[in-house]
Amino acid sequence: MPCNVEIKAKLRDRQRVLEIVRRLSGSKEGTTLVQEDTFFAVPNGRLKLRVQTGCPGQLIFYNRSDQAGPKLSQYTIAQIHKPADVKATLGSALGILGTVQKTRRLFMVGQTRVHIDEVKGLGEFLELEVVMSHDQSLSEGQQISEELMEQLGIGRDDLITCAYLDLLLKQMQNSD
């Protein structure tokens, strides 16, 4: 199963981080992605249907612990050509937990996907995904992630332990 080492952090100084990421990636603008992720109720891990402007849909299953530091995420992805039908079917069978809408700017720094996300209802975040090769260890991926965090000025107190969906659900509970 493919895997990443990931972190997610609150983005406190977007402009400064963008300047550093542009320099490290060699890309002035990166790639802008508009995404909607619908999460389904499953007994373990997370299952989401991603609809992205200009691309086929993706059904993504992943398993990742909720911890603050760099963590392993194992995933599988299936391309979906009729995402509305899949959403209706899985929604009926499993139930929908919620939806996350975001605009993501993607930059590649070596083997790391750097995401600068604007999440509807939550604000701005940074996500690092170190795309691991089969012969790399977890500790090597964590080291790459920690070095990039340091270069970007991301501190431990900026880290988020959970998924955007969890933050949105918590926000909804607190407003009730």
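I count two strands as paired if DSSP finds at least two bridges between them. The model I am reading is a predicted one.

**Entry 1: strand β2 and its partners**

I looked up β2 against β3 (residues 46–52) and found six bridges, with the two strands running antiparallel. I then checked the connection: β2 and β3 form a hairpin with five residues between them. In that turn I found G45 with a positive phi of about 65°.

Next I looked for β2 (residues 31–40) against β6 (residues 96–109). This pairing is also antiparallel and covers 10 bridges.

**Entry 2: aromatic rings**

How many aromatic pairs does the count come to? I get one, taking ring centres within 6.5 Å as the rule. The pair is F125 with Y164, at 5.1 Å centre to centre and 55° between the planes, and I log the geometry as tilted. I placed F125 in strand β8 (residues 123–131) and Y164 in helix α4 (residues 164–175), so the pair ties together parts that are 39 residues apart in sequence.

Are F125 and Y164 buried or exposed? I find F125 buried, and Y164 buried as well.

**Entry 3: charges over these rings**

I went back to each ring to look for lysines. Over the ring of Y164 sits the charged end of K8, 3.8 Å from the ring centre. Over the ring of F125 I found the charged end of K10, at 4.6 Å from the centre of that ring.

Terms used:
Residues numbered from 1 in each chain as written. Predicted model: local features only at pLDDT ≥ 70, side-chain atom pairs only at ≥ 80, totals over all residues. Heavy atoms only, no water. Helix = DSSP H or I, 4+ residues; strand = E, 2+ residues; numbered from the N terminus. Phe/Tyr/Trp six-rings, centres within 6.5 Å; stacked < 30°, edge-to-face > 60°. Buried < 20%, exposed > 50% of the residue type's maximum accessible area, 1.4 Å probe, protein only. Lys NZ or Arg CZ within 6 Å of the ring centre and 35° of its normal.
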